[in-house]
Amino acid sequence: MSVWAVLAAAGRGERLGSDRPKAFARLGGRPLLAESLERLEASAWIDRIVIAAPPEWEEPCILVAEEIGAGKVSSVVTGGAARSESVRLALEEVPEEAAVVLVHDAARPLLPDEVIERVLAPLSEGWDGAVPALPVADTVKRVEQDQVVETLTRAELVAAQTPQAFVAPALRDALGGDLSAASDCSSLVEARGGRIKIVEGDRRLLKVTDAEDLALVESWLG
């Protein structure tokens, strides 16, 4: 089956305190984008890649792809104001005959190939999508105006990561609706009645949000 990857790289990265988008923060001497793109390129599971770039950073994204020899990159599109809009715009570049779309955040650069394999496997078993996740270690409480109103059952909670994989028609249908409340692509597919399976995530898939995260991820390189 044909598997296309959408690499969401349009985040502004304001909490990094940088003068450039998050995808171009320096990680191991090169742009953050290069790490996840190189791993998608090297994966035998991925056929083609579409990058959702920060506005006015489309050409630098193309140059990064060229520098690392990412021949699977089909196109680079201008990302939207929200992540879900960026994915929708990138999905327009994925051909209708594509069977599966894998969506990954460039902000999670250390992408193990075994996680790609784990999220793709359930799609051949009748699931509409699959999401890697980790158990929640802390007790989670729901609050309203600083007051605890509920303590949630930790055994029922997981922290979702990317890459998330979907049967292409299910993702297209989900992204054709209201995107305003989307927290991730899976939530949109779930809202349309899609069946999503949770698979084992990986602690290396840390999402880079601030300079401390970036330093930690860089310490894991090599």
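Reader: How many residues line the largest pocket, and which of them lie nearest its centre?

Author: The model is predicted, so local features are taken at pLDDT of at least 70 and side-chain atom pairs at pLDDT 80 or more, whereas totals for chains, interfaces and linings use all residues. Residues are numbered from 1 along each chain as its sequence is written, and side-chain values use heavy atoms, without hydrogens and water.

The largest pocket has 38 lining residues, and G11, R12, K22, R83 and K207 are those that lie nearest its centre. A pocket here is an open set of points on a 1 Å grid where a 1.4 Å probe fits, with protein on both sides within 12 Å along at least five of seven lines, and lining residues have an atom within 4 Å of a point. Its volume, the space filled by probe spheres set on the points, is about 940 Å³. The lining consists of 17 nonpolar, 11 polar and 10 charged residues; Asp, Glu, Lys and Arg count as charged, Ala, Val, Leu, Ile, Met, Phe, Trp, Tyr, Cys and Pro as nonpolar, and the others as polar.

Helix α3, residues 83–91, contributes the most to this lining, with three residues; helices are DSSP runs of H or I with at least four residues, and strands are runs of E with at least two. This helix also packs against helix α5 (residues 168–175), at an angle of about 125° and with the axes 10 Å apart. Axes are fitted to C-alpha atoms, and angles run from 0 to 180 degrees. That angle makes α3 oblique to α5, since oblique covers what is left by under 35 degrees (roughly parallel), over 145 (roughly antiparallel) and 65 to 115 (roughly perpendicular). Here S84, V87, R88 and L91 of α3 meet L171, R172 and L175 of α5, contact being heavy atoms within 4.5 Å. Four nonpolar residues, one polar and two charged make up this contact.

K207, named above for the largest pocket, also lines the second largest pocket, together with R108, L134, A159, A160, Q161, D202, R203, L205 and L206. The volume of the second largest pocket is about 160 Å³, and its lining has five nonpolar residues, one polar and four charged.

A159 and A160 of that lining fall within the range of β10 (158–160), and the loop from β10 to β11 (164–167) holds P163. The peptide bond from T162 to P163 is cis, with omega near 15°.

The axes of α1 (residues 32–42) and α2 (residues 58–67) come within 10 Å and cross at roughly 50°, which makes α1 oblique to α2. L33, A34 and L37 of α1 meet C61, V64 and A65 of α2, a contact of six nonpolar residues with no polar and no charged ones. In the loop between β4 (48–53) and α2 is E56, which has a positive phi of about 75° although it is not a glycine.
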